[in-house]
Structures are given as C-alpha cells and as structure tokens.
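Let's walk through this one together, question by question. Have the sequence and the model open as you read.

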Amino acid sequence: MPVQLMKIIKGQSETPLPSHLQKENLQHLKEGCDHTNKYVQGVVTLSYPLTKLRDGTDFFKIVLQDSDNLFSQINSINVLIYGKMAEDCAKIIRRGETFIVAGFKVIKLPTVREDGRHGCHLEVSEEAGSAIYVFLYECLNNFFFYSLNCIIPFQSVAPKYVYTPLNHLKDGTIVNLYGIVKFFKPPYVSKGTDYCSVVTLVDPSNVKLTCTLFNGNLDSLPKIYKVGDIVRFHRIKIREYNGQMQGITSAGFASLTFDGTVGAPVVPRTSSKVYTFMDEEQKTIEELRIWAASNISISGPAARLSGVQPMLFFDLTCQLVGKAKVDGSSFLLKVWDGTKCPYPTWKVPVEAKDLEGEKVLLHQLRNLAVDILVYDNHVQLAESLKIGSFLRIYSIHTKQASADNEDVSHIEFHLHGGTCYGRGIGVLPESNPDVKELKAFLESVDLADSQNMENTCSMDLDSTFGNVTDLELDLQRCQQLSVTVLTDHQDLSNTELKTITNSTAPQQYRIRAKLRTYKPQKLHQSVKLHCSKCNSLQEVPYGDDFDFILHGSANTAPNPELHNTSWYESVTWTTQDQKQREIAIHFVKHDEMLQHPEDTLLMIEGGTLKEIWKLTKRFKCVIPVRSTEDDLELLDLSAPFLLQGNVKYYGCKQCSTPKPIKNLSSIAAEQRPSWEPTEVAQVLGIELLQYVFIMKFTLVDETGALNAYLFDYEKFFQIPASEILTNSFLQQKMQMTMNTLCPPGRKLGDLPWLECFIRSYNVRDATKNQVYYQIFDTTVAEDVV
DNA sequence: TTAGGATTCG
C-alpha cells in the first residue's frame, strides 16, 4: 500500500520501516543523485487543498519541516504529490503530523528561494514507485516540533508577494515591504478629509523610511501601539521628497501589524477581512523580531501614574472613566491605571452635567483617577472615545503648577495640540497584552482602600510633632494605622529611637517610626543572591555572563554515548550556520515515559541563551549541561544550574560540591516529581543561592533617627525576591508599596507610621565596634499591597 | 488634499 499509517506506541513505531531504507538529511538532497533507498522525514507544517491538474490528475502539495534541524537556515521542503496518492494523502494528512516519504524524485527549482525552503522540491506518485508513511501519534520529534513552534501558521493559497528591502526602494514605484516601527504618530484628524498617521520604519538593511498614510477610515490605518511593532505594507507608493525616499498610501494600500516581542504569538492586527499570511511570513516576522531585539533601542518599562515625575513627557496606558467638554479648544479625559500618583494632582473644574461617566465609579476613583486636558486637534478624537475603553495616550506633559489657594504645587497633565513626537491618543483593543495586564491589575485594586488614603494624600499640612490642630487630629487619626504590621511579639511595647541608639547591642525592640528615606531608590538594585551556608551576598549575574559561558560550553560536542539512557531520551541536531553547532536535548522520563512538557525537566547541551529561554517557556525546568567522557555535568557555577519559569537558580561557588547528574534520576523516579529547585539543588550537591531584598531604611520618630537594614526573601513585601527581576507587575507592586511607605514629595509630618521589630547587633573590626539594626518579623499591611 | 517626525499657550 503506497500510503501507510504508522501507529506509534511509547515513541516507537508499531511496524518498522522497511530495513533497506535509510534516512536522508534535507541538505544532502540534490537533483540527479541516487536516492533510491533513502527516505525523508519531517513534520507537515502546511498543506494546500487537493486540486486537479489540467489533465485531470489529482494534485496535493504539502510543506515538510525537518524537525531534526529546526534551527538551520534551510529546514523545509515542498512535496508535490500526484494521482491516487494525492487523493489518499489529502484525506489523512493534517499539519503537525510526522510524514515519511521514500521513492521520491528531486527536482531543482528554477529560481533560488530566499524563504528558508529547500532549493529543490520532491515529486511523489504511485507510478514512480513512491511510498508514504504517516505517523498517527506524535513521536518524540513531533513532540519537540510542537514545543518550539507552538504557533500554527495561517493556511492559505495565494499569489506570492515580493517584498523590497528598504535599501532597494526606487522613486515612483509601488512596492510591498516589511519594517520595524521606529517612530509613529497614532492616527489623528488631518486638516484635509482623512485621518493621517506617520510611521518611520527600519529594516535589517538599516535604512529608514518615513511613510505618511492617509485614510478616511480610522480602521484602515496600521494598528501600531508601540515602537518595535512590526508592519507589513502592501502597495505603498515610494516617492522622493527632500532628497529622501518617502512612503505614501496608494490605492489598494493594506497593512498588517505584529507585536515585535520575541516569542509573542504571531497574530496580525488588521482591518482587512481577507489577507494572505503563510508560514514564510511568520518566519519573516520572527527573524525581524530577533534582528530588532539587538538593533532597535527598546523603551524602558511603561510609565504608571505612581511613577510620574513633574516636567516630563510620557506615554500612559490607562482606562477612560470620564470625559467632559471644557471649551472649544480643550477637552477633559479622566483616566486611571490602578496606581496612585504620588503628587497632588489637579482637578479641572467642569459642571457635573457636562461630565460623562459612571458617577459612582468616578466617586470611588476620585483619588486614583487623574484629569488629562487635551487640546486642539486631539479634541475631536477625544470626544469620540467611549467610556470604559482602554487608551494609550502618547507624550502627555506633566506640568508643575500651584494655584492661589494652595501651599504646595500640584501636577497637571496636558496633551498639547499638534503631533510632535507622536503626541496623540490611541485606542487599544481588549486583546492587547498590555490591556490584559492592566485589566487584571485594575480588578485587583481595592477601591475601599484607595478612598481611605485620601486624607493622607491630598493634603499637605505643616504638622510638626506635638503641634496639633483639628485638621491635624484628623490627619493623625488617619495615620494612626500603621502601614506595616508585626507578625509576632505583639506584647512588646514601643521603644523610642533615641533610647535604642543610646543602648548597647544586641537587643530587640518594637518601634513606631516614619520612613524618611531608603536605599537603593532604584528598587531592582535591592535584589541580591544570598548563601545561607557561608552567609555571603553577591550581585545577580547579568544575562551576558550566562551567554558567555554557554558559548564556551558549545565548544564541547555532545557525547553520543551519553544519549538515551534508562532515565532520559535524547534528541540531537546540528545547526546549519557556519558554526555547525551541535545541540543535544535530554528529556528526563518518568516511569519510562515522556511527561507533558509542562511537567518535564530537560537538560540541554550546546544551546544559546535564546534557545534556552524559549525552552523554559514550554518546559517545567531546563538544566544547561555539557558532556564529559562518562557523564553529563553542570556548567560553571557562574551560570544558573537550573531555569524554571522566569527564575534562574544559582549555586554558591564556595559551598557547592557538584554531584553526578544521574542523581536526578532519583527525583524522576518519585511518584510525582515536583522538580523543586531546593530538591534539585540537593541531589546535585549545589548550595542554592536565595534571592533576597537588601535595603537600608532611615527611620525617624520624635526622638531621633536610625538606619535599619531590611533583609527579606518574601515576607516583608509579600513579593518573592526571586521573581521581581523578571516580572514588571511585581516591580510595579513593590514601587507602589514603597510610595505608600515613603510617599515622595511629602513633609515628614505627613509620612505614614511604620510599626516594626528591629534587632541591634554588633559588628567588630580591628579598630572599632559598630552597632547595626535589622528589621524582622514585620510585614507590609495587607491594605498597602 | 491632508503631511512630509523632531515636545510645552492652555
């Protein structure tokens, strides 16, 4: 039977392939060579509908990807199937299935392909004596294919488009192109009849192109949300203007926009109902993302209201909760992002009847929402915005000002007229990842708590200790509630700071004080690695160090004798770039079976930082290793010995005594292997370094001041120190917590109280004895986090 | 046609 189905059990085919057949690598396929006893194996990444040729012969085309050489430049080939075989295959073949073909004819293509596909195609038919084997169950290679390419490309049969690199553009032509957004103005109302959007692109030729796009329909302009997004333009007209090439919309202009983040799903944003998008295009996007990652300067973390500073311009992602017409040339938008601006903010006076929005919500959010006044050309767009929609407002200006009846200055938010620097308003869809994150955050905000904050935040009274007015009583009552709570020893009574600094160490105290300042102000600098055995502290290594070690270890080729043991299954391949890097992945088994990727621990040899990062997204744990003569071993301990989720786990160089890798098999044999980092570290002889926050708090009360150290794994902030470096949500949470504990721009009297336990201890060196203080058994109050 | 990147009146 020419088309045969193969059943896979435990990664093995139930019926073996004919023994005379040998596997052929894609790169060895050449027209005119003898491939009689060879077979080609791959995963079907694309299949086209069954069609009939002019002579009535059935015709079926698929694209096969060589899953053993995923990282190579050429790793896929077209297979053209004719006659009865075409009909049979069309019935059973689905993308993702493993496909083997023997008895094929290799035909060289007339032109060189630039899309990563083989320069030849395979022709297959019953008449030619071909045989096809289709695997019914995902085998190991297939499993691996899914792991690295979980994005299924769109399927479509369409004419091929030719895309022009930006350094090959000619005046007066209409072209198709790809580019990475370097600058953009979100669509705005032009002085003519259309919306206008200006977009500057760059591509790997390093040439820039500024495009001016017009359309009467807002939806027909590219949906660009940030610098770094990738666009595909079809039918854009190229003209020379002021000595430079310029793009401008022509009839039939169409665009797709993609998130430019490496690893993000490749989903086009477009208003067109019909568009072409195939696996080559997906590959282009992925390649552009990788180029952009090292060639385009990415902006820092998105600004939040809690992080605004006076006198600057910033982009804000927020939700619209109210709007009002102010006068002919300005319009008010009330927005929030769940965080609190640390400065007093202005309120634009408008008549209640002019304010559109949910009254109850507006009242609840009165301390969190801010007023943004938009001017001139932005008014028309602002008027059309729907309450509740998610916006990104670009280049908002924060202006410091004070009114006659205020002692202290407040912050005003303006969106000035004009479109300089991309100033404008964009509406984000709910599917946008930033909106999803924002929504989740907004839902977590306790509105009752934010209302309690109003007295402490919107007033700025000159309250010195002991000088009490009615208003101040109010304020102090509000501040009686400490922003920290004690987790033990509640029976202890408070001690004044002066008493503590006048006493000998060691002792323990309960204190009530205010946080005047803290270090480091850049919170990410507070994260260190701590060894509980030798008590040493070290900086968290940069990714570059890891990359360097990986490069070094890639020089050691995987030792084939160490592959496929009783407790792991191995896959290897060689990259087809100049380096010919050999990569091996060892999937640790449980009960002689491969686990689901999300439960699987794997070891990798020869991988790059990017490949390892990609694997951690899909698999439970990744351990980078290298081969020795008789076992796998861990890399240098300057590199993480284990990667799990976003966290890199390191071992202490002084205290670790690495043990054989095969000790991992004892965990694999457990009933439900959990692969806890502590357990993995233990069997591998690694002394696990713990992520810890180290901060210096300057605490004051009516009697004096002292510096106390905070040494916290998780308890104080209720944020695991291990996760903060890779989680912007947690960074945000920590910044908000610190803004609550020590609100910027506030006088001492208006700072909140902190209740803490501190212990004093002596540190002696050759010349003197110094007393230090450390905070313990204290946590940030629940309503603060 | 409009805009053709390159911050701020309010």
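Q: Is Cys756 buried or exposed?
A: This is a predicted model, in which local features need pLDDT of at least 70, side-chain atom pairs count only at pLDDT 80 or more, and totals for chains, interfaces and linings use all residues. Side-chain values use heavy atoms, with hydrogens and water left out, residues are numbered from 1 along each chain as its sequence is written, and chains are lettered from A and ligands numbered from 1 in the order in which they are written. Here buried means under 20% relative accessible area, exposed over 50%, and partly exposed in between (1.4 Å probe, protein chains only). Cys756 comes out at 1%, so the word for it is buried.

Q: How many disulfides are there?
A: A disulfide is a pair of cysteine sulfur atoms within 2.5 Å. Take Cys652: the nearest cysteine sulfur, that of Cys531, is 3.7 Å away, and Cys652 is in no disulfide. By this rule the count is zero.

Q: Which residues have the most contacts inside the largest nonpolar core?
A: A nonpolar core is a set of buried Ala, Val, Leu, Ile, Met, Phe, Trp, Tyr and Cys residues joined through side-chain atoms within 4.5 Å. The largest one has 70 residues, and the ones with the most contacts inside it are Met603, Ile623, Phe641, Leu664, Leu684, Phe697 and Phe717.

Q: Which residues come nearest to DNA strand B?
A: A residue is near a strand if one of its heavy atoms lies within 4 Å of it. There are 29 residues around DNA strand B, and the nearest are Lys185, Asp194, Gln246, Ser395 and His397.

Q: What is the distance from a polar side-chain atom of Thr200 to a base nitrogen of DNA strand B?
A: Polar contacts are pairs of N or O atoms within 3.5 Å; within protein, one must be able to donate a hydrogen and the other to accept it, and residues adjacent in sequence count only if both atoms are side-chain atoms. For Thr200 and the base nitrogen, the distance is 3.1 Å.

Q: What is the phi of Trp675?
A: Most residues other than glycine have a negative phi. Trp675 is buried, at 3% relative accessible area. Its phi is positive although the residue isn't glycine, with a value near 55°.
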